[in-house]
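Here's a quick briefing to read with the model open beside you. Start with the ligand site, then look at the backbone.

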Amino acid sequence: MDFEGIIEKASNLLMDSNFTIGLTGAGISAESGIPTFRGKNGLWSKFKVEELATPEAFNRNPKLVWKWYKWRMEIIFNARPNAGHYALVELERLGILKCIVTQNVDGLHHLAGNKCVIELHGNIRRGRCIKCNYKVIFNEPPENIPPKCPKCFNLLRPDVVWFGEAIPKNKLERAFNLFSKADLALVIGTSGIVQPAGYLPYIVKENGGLIIEINVEKSAITSIADIFIKDKASIALSKIVKYIKDKLTSKLYDASENEL
Ligand code: NAD
Ligand code: ZN
C-alpha cells in the first residue's frame, strides 16, 4: 500500500472507532525542537539519562540534576505546540479521540488545547518539595539551582516521575481504565520501552482492538501495530485530520443534496 493508502486506511479506522485513546511520547514534541531521550543531546550526550533522571542521581548531586532540568526547561519554555499537537486537538474536537495519555513532561498537549490529557510522568513546569511535598509552578527556569521550598526551605525537585519511581496511583488507574475501554489506540512518537506506559497499547490488542502507530522508526509497539505509519507525527497527523474533515464535509454535502 502506498503512503496515501495507509493514511486513508488509518483515517477510516479512526472514523469507525467508538473509543480511541492516544499514547504519545517524546517524538511528537521533537518537531517543536524538544530533544528526545534517545537522540543526540549535544552537551548532555556524555551522560546517560539513567544517570540523571533517578532519585539516586538527585541524592548524589542535586545541582547536576537541576542543571540538566534547567537546560531542558529553557528549551521547553520556549517551545510551541506543532502541527501534530494541533491535529490531536482537532481529533478530540471531532469526538474521535477521547483522551491522550502522554509520557511527555512538556505540557504541550494542554497548551495546544486538548481537554483530556493524562500526564503519566508529571510536568517539568512544576517543582515539588522533597520534605513537605509543597508544589511550585515555574513560569521560567529557576535562576538559582537547586531551588528551595518557599515553605520549609528544603530542596525542591522537578515534579516528574523518574526511572525507578512509581506513577501516582490515580493517574495509572485512569490510564489503565481508558485503555481497557478503547477499541483503537493511536500511538505516536514513543519508543515504547518505558514501562508501564509501553504496556498500555497491549491492553487494547488483548481486548481485540486495533493499534495505529506513527513513528519515524520501528519501536517496541510496532510488532502489534495493525497500521504503522512511518513518518513524522506532524505530517502523518495533519494528513489524517485533513482526510477525515474532507470526508465529513462531503458526507454533509451528500446529505444536503439528498434532501433536495
Ligand atoms: P524516547 O525518547 O524513548 O523515544 C522517542 C520516539 O520518538 C522514538 O521512537 C523516535 O523514533 C520517535 N520520533 C522521533 N521523532 C519523531 C517524529 N518527528 N515523529 C514521530 N516519531 C518520532 O521517548 P519516550 O518513548 O517518550 O520515552 C522516554 C521518556 O522520555 C518518557 O518518560 C518522557 O517522560 C521522557 N521525555 C519527555 C520529553 C518531553 O516531554 N518532550 C522529551 C524527552 C524525554
Ligand atoms: Zn517544603
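Predicted model: local features only at pLDDT ≥ 70, side-chain atom pairs only at ≥ 80, totals over all residues.

Residues are numbered from 1 along each chain as its sequence is written, chains are lettered from A and ligands numbered from 1 in the order written, and side-chain values use heavy atoms, with hydrogens and water left out.

**Ligand 1**

- Ligand 1 has 27 residues around it, and Arg 38, Gln 103, His 121, Ser 191 and Asn 215 come nearest (a residue is near if one of its heavy atoms lies within 4 Å).
- That shell divides into nine nonpolar, eleven polar and seven charged residues (Ala, Val, Leu, Ile, Met, Phe, Trp, Tyr, Cys and Pro count as nonpolar, Asp, Glu, Lys and Arg as charged, and the others, Gly among them, as polar).
- Helix H2 (residues 27-30) gives the largest share of the shell, three residues (helices are DSSP runs of H or I with at least four residues, strands are runs of E with at least two, numbered from the N terminus).
- Taken alone, ligand 1 exposes 860 Å², and the protein buries 93% of that (Shrake-Rupley, 1.4 Å probe).

**The pocket**

- Which pocket is the space taken by ligand 1? The largest one (on a 1 Å grid over the protein atoms alone, a pocket is an open set of points where a 1.4 Å probe fits, with protein on both sides within 12 Å along at least five of seven lines; lining residues have an atom within 4 Å of a point). A molecule sits in a pocket if more than half of its atoms lie within 2 Å of its grid points.
- About 950 Å³ of space lies in the largest pocket (the volume filled by probe spheres set on the points).
- Of its 44 lining residues, those closest to the centre include Gly 25 and Phe 37.

- Most residues other than glycine have a negative phi, and most peptide bonds are trans.
- Ile 145 and Pro 146 are joined by a cis peptide bond, with omega about -5°.
- Another cis bond joins Gln 195 and Pro 196, with omega about 0°.
- Phi is positive at Asn 133, near 70°, and at Phe 153, near 65°.
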